[in-house]
Every structure is written in C-alpha cells, then in structure tokens.
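Let's take a friendly walk through a protein model together. Have a look at it first, and then read on.

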Amino acid sequence: MKKKKKILLGIAGGLFVLMIGAYTANALHFRTHFYSGTMINGIDSTEMTADEVKERLAEDTQNYVLTLVKMDGTTETISASQIGLAFEDNQEVDEHLQEQNSWFWIGEMFMDKEHELHVSVSYDETMLEAAIDGLSCMQEGNYTPPQDASIGETENGYTIVPEVKGNQLDRAVLLEAVKEAIDSGATELNLSDSGCYMKPSVYQDDEALNARVNHLNTLVAANLTIDFGSGRIETVNGALLKTWVTQDESGNDVIDPTKITEYVSSLADKYNTVGNHTFRTTGGSTVTLTAGDYGWVMDEATTAQNLSDAIAAGTQGSFEVTYSSSAQSRESNDIGNSYVEISIDQQTMWCYVDGSLLVETPVVTGCVNNGTETPRGGVWKIKGKRTNYTMTGAINPSTGEPSYRTFVNYWIPYSEDMTIGLHDLTSRTAFGGNIYITNGSHGCVNTPLDAVRQIFEAVSYGFPVVVY
C-alpha cells in the first residue's frame, strides 16, 4: 500500500509540475501576445504580438476615410492618401499589452476583451487644408452664403426680409472639426452638429430690427391728397415718403425736412399761376399772359410746415395748401368765367359774369405818343372800388402840385400800385378807334359812364382783369 501511495503521489506531483509548467509557459506567452478574443480598435488581435497589431493598425490607417455628412444629408469624404495620414507608434499598443495580466490568463479567457485605444496618427496639414479646399461644398457657386435679416420695402412702407441660413461652411471651424475627428479616429463627422456652417448674425425676430421697421412705418404712415382742381391730384403717401427718409446726426431714421421743402417748392412751380396764364379771347385767339398779380401763389413756408406736421401725425385724407395769393377758381383755368377783358389793339372791353356777357364797350387806354401806355400781357385782380373819387397825378416838384386832378364817378383800380384802373371820364365824347395813340389816358382805361357803372356794380375785390 505504501508503495502504491508513493507512485500515486509521484504521478500527482509530476502532473502538478507539468501543470505548473504549462501554466507558466502560457503566462510567459501572454506577456508578448494578446489573449484569445482580444479586439483592439476593431482588429481581431488574438495571439498577436504588439508589433503585429501595430502593423494592422498601420494598414488600417492607410485605409482610413472620414465621411462628412452635410446638412442636406449628402456626403463627401477625406481619405488617408489625401492628407498623408500615417500611424504613429507612441507605444499605446505596447502599454496595453503590458497592462494585460498574463498570470491570470485563465480568468481573462472568459472576460470582455474588446478595447478601443487612442491611436496616434500624423498627417500633412498643408495636404489637409488642400483636401478641405477641394471639397465640392467649398466651391463658390455650390453654396449659399448666410444673409442677415434685413429691412425691405413694400409699395407703401417697410417690412422685414427674413434671414437666409444658407449652407456656407466656416473654413476655420471645419478645419478644426476635421482635425479633431481624425485625431480621435472618428470615421464620420456631421457638419451641422459640429457647428461648421456659417450663420446669420441678425434674425427676423431681432428686437432692434423690428423696432426700426415699426418706426419707419410710422414715419411713412401719412396718406394725403392735395386737390388742385381739374382732376389735378397730388398724393403724399408711403411710396413718396420712403424717398424722403434719411438719418439724422445720431443715426435715427427721420423724414428729411429739406425734402418736404423741395417738394412744396416743386408744387409751387407746377401750380402757381401768377404770371402764367393762357387765355382764349372773345375774338377766338389764344394769348399767353405773363404779367399781373392775379392767380394762385403758394405760401411755401407755411405749407411746408403744415405738411411736415401732417406727416408727423400720420394724417389720412385731404391736405389744404396755404396761399399768399388766390384766384376765383381752383380749376386749371383759374380766371373762371367771370372777368373783365380788355383788348388794347381793338380798344374794346368786355365784362363777363358767370359766362354771360354783361358789357361790351369801346374804351380809351394809355397814350402811346406820351409813353403812358396801359400795361398789357397780363392778368390783374381788382383792388377795390370807389365812387365820386378825385384822381391825382404825380406831384410836380417845381409847383408842389399834382400833374392833374380828375373827378370820376366810378374808380376801379387793378394795378399792383393802385394807379391804374377802370373809370369814367365825362369830358370824353368819343371812345375806341385810334384815340389812344395821340390822346390816350395816363395809363387807365377810360370807359363810358354807363358801361363802367354796370361793371362797378358787378365786380368786387379779386375780380380778374385780362389785358392784352
């Protein structure tokens, strides 16, 4: 029995020594080889040495491709060959192998051994930049730059034009994102998630932008119509006011006051009628009349101020121009159909009231030979009327007396200086013809008593007198 025990003990001892030897041999083996089932960065590293793993990593590095996912879902790639990508042996694999506890190889056989190492790589930065610059999405014409929300114009005001997000990449941001992806070993880079796209700096909900648009619309809110008669309508609305918007010294949006002044001046040039009349005579001819004081003259300063106030208030409706001189009608023919008409050549005067001929009479106008001719070629307004009036001429310096004193029954002055007008002259026994050439008046229109009386009763201040 003792001998058998010794044999068994010997066998057991031998087996134990063999097992220890085998265990030790495996432990020594796994000091230089990775465990079965070890995965490193997706490489089956079973029974591989560190150098063998590094060879595989170097091979995989040469096959590296970074996929760039654009905002529209399409992709572009950057390959290892484009950037000179190469594996850098910084001992990461060796360190990982050293961390492998070879004496516990039996236990390690049943543990998760899939590892991701930070593998160092190198690349040519100049080649990388060239690869990025060569991307289709980086080529001009293949992208839309971002645009800030801005102020746009409508027919009568302003609106906000929304921003355009575009799809233009920020080269600097893209370059850094690609570098980080390559350094980390990533194979895909979402350009939107990585913030690589340029963005507008001002969006349509921008508070300052909206406040400015609202202010601009307030500036141009007025809608005014100015009626000059005969269908001649001028409109001051948003479409016009937009052209008057400017900025003051502080950068605030305002209506340019000089534009209002210029506009009123242009209306005056267009619609003032003093010195600008075309008249159809009783005889049927048409004459142009450039003298006289009858007609419309705009008070430009007052009108400009009133217009400025109406614009500032956002007034809707009609606007009345202020005049320093007015006429009987606002129509294009502001003389109307009630007027006195005097023809110097025909030595005849007509008086129309509401389109009907009231008086037709011969007259005697200023003396041609004496140089006291009656001014012609204009329209004047009657300045008043008097009865039983004594007319006096200019004072003679040598005598201190007027050059004449003449009593008239009816005096109707119309010249600017009140020295020329219509009146009777009972001392005259004849009117018309060529009397005015040698025996004319001092400039007034001598009229038969009965005729001037009828005119006197029909006219009033402002009644037009046409002389041609």
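## About the model

This is a predicted model, in which local features need pLDDT of at least 70, side-chain atom pairs count only at pLDDT 80 or more, and totals for chains, interfaces and linings use all residues. Residues are numbered from 1 along each chain as its sequence is written, and side-chain values use heavy atoms, with hydrogens and water left out.

## The whole protein

The protein has 13 helices and 30 strands; helices (H or I, at least four residues) and strands (E, at least two) are DSSP runs, numbered from the N terminus. Of its 468 residues, 40% are buried, where buried means under 20% relative accessible area with a 1.4 Å probe, protein chains only.

## The second largest pocket

Which residues line the second largest pocket? They are Thr218, Leu219, Ile255, Pro257, Ile260, Ser308, Ile311 and Ala312. Elements giving two or more residues to this lining are α8 (207-219), α10 (257-271) and α11 (300-312). The largest share, three residues, comes from α11.

A pocket here is an open set of points on a 1 Å grid over the protein atoms alone, where a 1.4 Å probe fits, with protein on both sides within 12 Å along at least five of seven lines; lining residues have an atom within 4 Å of a point.

## Threonine 281

Threonine 281 sits in the loop between β15 (277-280) and β16 (286-289). Is this residue buried or exposed? Threonine 281 is buried, because its relative accessible area is 8%. Leaving aside residues up to four places away in sequence, Threonine 281 touches Val287, Glu341 and Tyr468, a contact being heavy atoms within 4.5 Å.

Terms used:
Buried < 20%, exposed > 50% of the residue type's maximum accessible area, 1.4 Å probe, protein only.
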